[in-house]
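Subject: Structure handover

Hello,

Here is the structure I promised to pass on. Please open it first, then read my notes below.

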Amino acid sequence: RPEFERLLRLDRMVADELAKLDDDHFVIHDFRFELFHVEHLVISPRGIFVVHKIPRGEPLGVRNDMLFAGDLCLEKNTSNLWRICHLIQIVFRKGYKEDLMPEPILVSPEAGSLALNEFKGISIVDLPGMRERITRGQRGVLDPDLVRSFAVFIKSKYA
């Protein structure tokens, strides 16, 4: 029970930080996309972001080409994050005729400073860095009407 409560607290921390994004950002939490659990999806004019938390605040390291938080292997987390991004890209391209690869983000809510900021194309950030990563970049990657339409589609079909 204490571990479950800790994980719920971490989810709340991430959701609270995402709630600080402006109204151009549509955030959808905790849903199944096909066979995969999506913790947080952000759809904005700056792009689409799939956000998952690192369940431990221990130092990150790479061993045998796999990401670890302390002794916890994050291979399943990183591979599922990429699978979700590819599935979203396929759905987005098929339904909206736009080819956009969502950006995977691993956030470490309990981390102080992070030694790693990227692993195999996945951004690794702390809580303030997550919001900065999502809002950084160029406006106009996606049309605001397209953003709203895709957010409504995902929410109505999957959430």
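**What I found**

Helix 1 (residues 2-18) has 17 residues. From first C-alpha to last, helix 1 reaches 24 Å, close to the 24 Å expected at 1.5 Å a residue. That expected span is 1.5 Å times one less than the number of residues. Helices (H or I, at least four residues) and strands (E, at least two) are DSSP runs, numbered from the N terminus.

A word on the source. This is a predicted model, where local features need pLDDT of at least 70, side-chain atom pairs count only at pLDDT 80 or more, and totals for chains, interfaces and linings use all residues. Residues are numbered from 1 along each chain as its sequence is written, and side-chain values use heavy atoms, with hydrogens and water left out.

Back to helix 1. Arg 6, Leu 10, Val 14, Ala 15, Glu 17 and Leu 18 are buried there. Buried means under 20% relative accessible area, exposed over 50%, and partly exposed in between (1.4 Å probe, protein chains only). The buried residues of helix 1 pack against strand 1, strand 2, strand 3, strand 7 and helix 3 (127-135). Contact here means heavy atoms within 4.5 Å.

Next, the strands. Strand 2 (residues 36-44) is mostly covered, with eight of its nine residues buried. Strand 2 runs antiparallel to strand 1 (residues 26-33), and seven bridges join them. Two strands pair if DSSP finds at least two bridges between them. Phe 31 has Val 38 of strand 2 as its bridge partner. The hairpin of strand 1 and strand 2 has two residues between the strands, and Glu 34 takes a positive phi near 55 degrees in that hairpin.

Strand 2 also pairs with strand 3 (residues 47-53), antiparallel, over five bridges. His 40 stands opposite Val 51 in strand 3. Strand 2 and strand 3 form a hairpin too, with two residues between them.

Now helix 2 (residues 75-96). Helix 2 has 22 residues and reaches 31 Å from first C-alpha to last, close to the 32 Å expected. Its buried residues include Leu 81, Ile 84, Cys 85, Ile 88 and Phe 92. Just after helix 2, Lys 97 takes a positive phi of about 55 degrees.

Last, a loop. Ser 108 lies between strand 7 (103-107) and strand 8 (118-119). Is Ser 108 buried or exposed? Ser 108 is buried, with a relative accessible area of 1%. Leaving out residues up to four places away in sequence, Ser 108 touches Ile 54, Arg 56, Gly 57, Leu 114, Val 125, Asp 126 and Leu 127.

Best wishes
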